[in-house]
Amino acid sequence: MKPRSAIVALALALALVAGPNEAKSQERACRSPDPVDTINEMFSAIVACWEPPPGTAGMTLTLQFSIRRNGTLIGKPRATYSRLGDDATLNRAFVASVLEALDKALPLPVSDSMGEAIAGRMLFPRFTAASGSAS
């Protein structure tokens, strides 16, 4: 591994472990063509396409997936954590909304450096419906 690649990989690993990686939108439009250059921008690009169903406030789902350097998905996303409610229909709607957001957002317009840094690495965005989305 080249020294620069090792530094980028280490920075990526620290970014994933260091702070909360809860997916939050930061003024980015769904399917924006602006290149994604950081993990936070990547998660924001996905969350910008997410609309949690009414009545799902507090529900959480963490996905595990990898993407290629061109921003396309490798394989199928997998749930690694969930905190859902008692209503099975509402739970299914919540999970479907997260998967739909991922489907809408991909392929991500990743920058060349970001593509090199994340290609094939596991990503774990967490989706939590805000309290204000309850009906």
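Trainee: Which residue's side chain does the side chain of Thr-128 join in a polar contact?
Mentor: In this predicted model, the side chain of Thr-128 makes a polar contact of 3.1 Å with the side chain of Thr-60.

Trainee: And where does Thr-128 lie?
Mentor: Thr-128 belongs to strand E3, which covers residues 126-128.

Trainee: How far apart are the C-alpha atoms of Thr-128 and Val-98?
Mentor: Those C-alpha atoms are separated by 9.6 Å, while the two residues are 30 residues apart along the chain.

Trainee: Let me turn to the cysteines. How many disulfides are there?
Mentor: The count comes to one disulfide. Cys-30 and Cys-49 form it, with their sulfur atoms 2.0 Å apart.

Trainee: Which parts of the chain does that pair link?
Mentor: The pair links distant parts of the chain, 19 residues apart. Cys-30 is in the loop between helix H1 (3-18) and helix H2 (39-47), whereas Cys-49 is in the loop between H2 and E1.

Trainee: Why is the disulfide right-handed?
Mentor: The torsion about the S-S bond of Cys-30 and Cys-49 is about 100°, so the disulfide is right-handed.

Trainee: Is Cys-49 buried or exposed?
Mentor: Cys-49 counts as buried because its relative accessibility is 4%, under the 20% limit. Cys-30 is partly exposed, with a relative accessible area of 32%.

Trainee: Now Gln-64: what is its place?
Mentor: Gln-64 is in strand E1, residues 60-67. Gln-64 is buried, at a relative accessible area of 16%.

Trainee: Which residues is Gln-64 in contact with, leaving aside neighbours within four places in sequence?
Mentor: Gln-64 is in contact with Lys-76, Pro-77, Arg-78, Thr-80, Met-122, Leu-123 and Phe-124.

Note on methods:
Residues are numbered from 1 along each chain as its sequence is written. This is a predicted model: local features need pLDDT of at least 70, side-chain atom pairs count only at pLDDT 80 or more; totals for chains, interfaces and linings use all residues. Side-chain values use heavy atoms; hydrogens and water are left out. Helices (H or I, at least four residues) and strands (E, at least two) are DSSP runs, numbered from the N terminus. Buried means under 20% relative accessible area, exposed over 50%, partly exposed in between (1.4 Å probe, protein chains only). Contact means heavy atoms within 4.5 Å. A disulfide is a pair of cysteine sulfur atoms within 2.5 Å. A polar contact is a pair of N or O atoms within 3.5 Å; within protein, one must be able to donate a hydrogen and the other to accept it, and residues adjacent in sequence count only if both atoms are side-chain atoms.
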